[in-house]
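Biologist: I have a model open and want to learn how to read it. Can you take me through some features, one at a time?

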Amino acid sequence: MTGLFPTSGENSGGGLDFITWEQAWCSEVLETPVRPQVTSMAAPRLPPPDPQFVLRGAQSAVHALHFCEGAQGQGRPLLLSGSLRGLVHIWSLQTRRVVATLDGHGGQCVTWLQTLPQGPQLLSQGRDLKLCVWDLAEGRNAVVDSVLLESVGFCRASVLAGGLQRWMLAVPGRGGDEADTSPRPLLLAGYEDGSVALWDVSSRKVCSRVACHTEPVMGLDFDSQEARGVSGSAEKALAVWSLDEQQALQVRGTHVLTNPGIADVKIRPDRRILATAGWDHRVRVFHWRTMKPLAVLAFHSATVHCVAFAADGLLATGSGDQRISVWSLYPRT
């Protein structure tokens with residue numbers, strides 16, 4: 001699992017008032033007029049909400065999700081999904097139907113999707129050892145380029161956008177090629193031995209490495225504004241780690257889960273909550289600053305392979321039950 005970010009640090013979402021957020025989760029304090037004492041009572045736990053809607057029609061397990069913001073003629077973002085059978089489906093969240101199907105991975109599982117900043121282009125990574133570049137302009141759905149990969153493991157690629165005409169791609173492999181970089185980017189990578197490493201891409205050297213898990217890292221995400229990240233693995237724990245000014249990684253804490261196996265983890269763009277995709281069919285939602293558990297979404301009937309957030313806060317989850325559920329949780333204010 002990889003993640004690129006610039007050394008200067010960019011805001012991954014809008015800045016919000018964490019004090020207001022914290023107050024929303026405080027226990028309610030009730031004062032009884034008959035008795036002089038003040039009684040502190042915890043607010044009752046509400047049942048988990050239902051999905052806002054469910055998308056059916058993927059025809060196989062859903063292994064990758066990505067929101068495409070700013071789609072022409074769309075009031076809401078498009079949602080892209082990658083399936084076990086190698087298909088990429090483009091969904092309209094207005095009609096809740098598939099508007100296009102892309103077939104470029106020879107029936108092999110699609111594990112990662114990402115749109116490029118300079119226009120309607122899509123990257124898709126599959127277990128056929130190919131990363132495809134798609135042209136989606138004006139209704140087209142053609143592969144215009146592809147990159148052969150060296151590894152068929154679980155590691156997903158990562159993109160760092162340096163502007164409309166410049167971007168950098170990191171792909172899993174056994175070695176690395178020299179990269180032309182300006183400014184100097186850093187790369188976070190999770191490994192099968194449970195460690196997370198920070199790479200200087202320009203010098204192709206590891207700046208720092210820290211042991212976070214006892215099992216392979218399956219997913220990670222990074223908050224560049226707070227210089228803090230989170231990772232999940234095959235074990236039943238999340239690890240929270242930080243990056244200091246000397247580019248040293250440090251584990252800040254671990255959070256034990258009920259069951260082992262985290263397939264994916266994502267921080268919402270506003271940096272208020274995060275969601276995990278569980279092998280136990282559950283999606284777990286946490287307050288990002290405090291790591292307080294907020295909700296367990298038990299909608300799916302098979303492994304949840306992926307989660308994705310839209311800029312407006314919508315959460316999409318994809319599962320082995322061939323369904324995509326879309327949630328509106330703790331709306332942005």
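**Strands, burial and a cavity**

Modeller: Start with a strand pair. This is a predicted model, and in it β18 and β19 (residues 228–233) pair in the antiparallel sense over six bridges. Gly219 stands opposite Gly232 in β19.

Biologist: Which strands make up the open sheet of four, and in what order?

Modeller: The order is β18-β19-β20-β21, with antiparallel pairing. The edge strands are β18 (217–223) and β21 (249–256), and each pairs on one side only. On average, neighbouring strands of this sheet are turned by 20 degrees against each other, direction ignored.

Biologist: Next, side chains. How do I read which way they point along a strand?

Modeller: In a regular strand, side chains alternate between the two faces of the sheet. Take β15 as the case. Pro185, Leu187 and Ala189 point one way, while Leu186, Leu188 and Gly190 point the other way.

Biologist: Are those β15 residues buried or exposed?

Modeller: All are buried. Buried means under 20% relative accessible area. Six of the six residues of β15 (residues 185–190) pass that test, so the strand is largely enclosed by the rest of the structure.

Biologist: What does β15 pair with?

Modeller: Five bridges join β15 to β16 (residues 195–200), and the two run antiparallel. Leu188 has Leu198 in β16 as its bridge partner. The hairpin of β15 and β16 has four residues between the strands. There, Gly194 takes a positive phi near 90 degrees.

Biologist: Now empty space. How is it found?

Modeller: Rolling a probe the size of a water molecule over the atoms shows where empty space is left. Here, the structure holds one cavity of 30 Å³ or more. About 50 Å³ of space lies in the largest cavity.

Biologist: Which residues line the largest cavity?

Modeller: Thr111, Gln125, Gly126, Arg127, Leu149, Ser151, Val152, Gly153, Cys155 and Pro172. By class, the lining has four nonpolar, five polar and one charged residues.

Biologist: Where does Arg127 lie?

Modeller: Arg127 is in the loop between β10 (121–126) and β11 (130–135). Its relative accessibility is 30%, so Arg127 counts as partly exposed. The cut-offs are under 20% for buried and over 50% for exposed.

Biologist: Leaving aside neighbours within four places in sequence, which residues is Arg127 in contact with?

Modeller: Arg127 is in contact with Gln108, Cys109, Thr111, Val152, Gly153 and Phe154. Look at Phe154. Arg127 and Phe154 are 27 residues apart in sequence, and 8.8 Å apart in space, C-alpha to C-alpha.

Methods. Residues numbered from 1 in each chain as written. Predicted model: local features only at pLDDT ≥ 70, side-chain atom pairs only at ≥ 80, totals over all residues. Heavy atoms only, no water. 1 Å grid on protein atoms, 1.4 Å probe; cavity = no way out; pocket = protein on both sides within 12 Å on 5 of 7 lines; lining within 4 Å. Points joined across faces, edges and corners; volume = space filled by probe spheres on them. Nonpolar A, V, L, I, M, F, W, Y, C, P; charged D, E, K, R; others polar. Buried < 20%, exposed > 50% of the residue type's maximum accessible area, 1.4 Å probe, protein only. Contact = heavy atoms within 4.5 Å. Pairing = 2+ DSSP bridges. Axes fitted to C-alpha atoms, helices over the stretch in contact; angles between N-to-C directions.
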